[in-house]
Amino acid sequence: MKKMLKPIVSTMFLMTMGASLIACGGQDTSTTPSNNDNSENTQTGESITLRASSGVGAEHTWNTGFTYSLMERVESQSAGDLSFEIFTSGELVPLGTEYDALRQGTIDVALSLMGPYDPQRFPYSEVAMLPLLESDAKIASTAMQNMMKSDRVIADGKTYYELEFTDKGLVAFANPLTEPYVISTTRQKLESISDFTESLRMRSPSRVHEILATNLGVTAISMPVTDSYDALSRNALDGMFHSIPDWANFGLDELFRHTIEGANLGHFIGHTAMTQETWDSLPADVQEEFEAAADEIIFDGSDQWIDGTVRGKEANIEKGGEFTHLDDLNPEVRDHINNAIVETWFEWIDNLESQQLAGKEMALLWRDMLVEAGAVLPDEIVELQ
């Protein structure tokens, strides 16, 4: 696995969607073959080097808790026949453009293929962003892994995996889902219904959160997460929907003063993917090891996310932040948030159905996977038929 860490750069330097601020790359004196060359190289016993791109930083949990271990294990299994040249922080391909890069042959492996950033082509993956009540990274990762393998038909006689990946000529594996997104603010403590107004500007990471923000009565503002620190510091933004372990990557832990926990506002999802052509070029034993390793290592990453929540919360409290559990809120505020959670599910379903997509079937599948894995959802969603 060829990679060389570069110095940490400033918060505002990197590409628009990066989730960490440490750039990483590497140079290999050997030639990286195109996808079309891999099969021939395998047959002749020559070494294959696959170019892999991650839009998030070198120290992001997807890399430290999943990618590096996965690549190292697969390289070891191949006994030197296969290696990966890894680029991070969008150094080679900007976050959100991995699918096109795969199709064009710019990269061989996308380590941060993010469906929620490309909902027009990956409309079903953002289902993981739907809010619920109780869950964590391990529960959500278990649910996603099971959904990837599910044979339940969603639309046109096809499964979720077939609709999102097979139909696009991809082979994909789920990255560890993030810890729950929470709602955090820099000044305004959300203690009454009157605090939820359009003047409260919240950074939104997805279409789901735009729906959620509307249902909460606040204003959603879409912007790169790398711009959030500056916007919050200038009071151009009042808060964010974000996952606690990621706060420190952007200095957000020193800005947030009030956070509501106990309401799970979704899990962000990304995948490691390659084209079917590239996958078919790999020896059968390497494919088997890749799949087995991905299925196991995802939970190492989940544990890192969970540990990151504990550390992130402690760091924020030390810097003056406070956390209020949903159950300890004014009953009217608690009901307001719970109602927004439920309505967001229904509106997301309606939105997809209006595009002739199987929104309801997708939502029901994700709900069932979550409940089976141990998550708690509102009664209205559990009872949805």
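## The second largest pocket

The second largest pocket is lined by 17 residues. Nearest its centre lie Thr61, Pro245, Asn249, Gly308 and Arg311. A pocket here is an open set of points on a 1 Å grid over the protein atoms alone, with protein on both sides within 12 Å along at least five of seven lines. Lining residues have an atom within 4 Å of a point.

This is a predicted model, in which local features need pLDDT of at least 70 and side-chain atom pairs count only at pLDDT 80 or more, while totals for chains, interfaces and linings use all residues. Residues are numbered from 1 along each chain as its sequence is written, and side-chain values use heavy atoms, with hydrogens and water left out.

The second largest pocket holds about 290 Å³ of space. Its volume is the space filled by probe spheres set on the grid points, which are joined across faces, edges and corners. Helix H2 (61-77) and H9 each give at least two lining residues. H9 provides the largest share, 6 residues. Helices are DSSP runs of H or I with at least four residues, strands are runs of E with at least two, and both are numbered from the N terminus.

By type, this lining splits into 5 nonpolar, 7 polar and 5 charged residues. Ala, Val, Leu, Ile, Met, Phe, Trp, Tyr, Cys and Pro count as nonpolar; Asp, Glu, Lys and Arg are charged; the others, Gly among them, are polar.

## The largest pocket

The largest pocket has a volume of about 400 Å³. Of its 19 lining residues, Leu133, Glu261, Gly262, Ala263 and His325 are the closest to the centre. Helix H9 (284-318) and helix H10 (331-354) each supply at least two residues of this lining. The lining divides into 7 nonpolar, 6 polar and 6 charged residues.

## Enclosed space

The model has 3 cavities of 30 Å³ or more. A cavity is a set of grid points where a 1.4 Å probe fits but cannot get out. The second largest cavity contains about 80 Å³ of space.

Strand S7 (181-185) and strand S11 (258-261) each supply at least two residues of its lining. Among the lining residues are Ile183, Ser184, Thr185, His258, Thr259 and Ile260. Others include Gln188, Lys189 and Leu329. The lining of this second largest cavity divides into 4 nonpolar, 6 polar and 1 charged.

## Aromatic pairs

The count comes to 11 aromatic pairs. Rings of Phe, Tyr and Trp (its six-membered ring) pair if their centres lie within 6.5 Å; planes under 30 degrees apart are stacked, over 60 edge-to-face, and the rest tilted. Tyrosine 160 and phenylalanine 165 have ring centres 6.0 Å apart and planes at 90°, so the pair is edge-to-face. Both residues are buried, meaning under 20% relative accessible area with a 1.4 Å probe and protein chains only. Ring pairs join Tyr99, Phe122, Tyr160, Tyr161 and Phe165 into a cluster.

Phenylalanine 173 and tryptophan 279 form a tilted pair, 5.7 Å centre to centre with 50° between the planes. This pair links distant parts of the chain. Phenylalanine 173 sits in strand S6 (residues 170-174) and tryptophan 279 in helix H8 (residues 276-280), 106 residues apart. Phenylalanine 173 is buried at a relative accessible area of 10%. Tryptophan 279 also counts as buried, at 10% relative accessibility.

## Charges over rings

The charged end of lysine 168 sits over the ring of phenylalanine 122, 5.0 Å from its centre. Lysine 313 has its charged end over the ring of phenylalanine 323, 5.1 Å from the ring centre. The rule asks for NZ of Lys or CZ of Arg within 6 Å of the ring centre and within 35 degrees of the ring normal.

Terms used:
Buried < 20%, exposed > 50% of the residue type's maximum accessible area, 1.4 Å probe, protein only.
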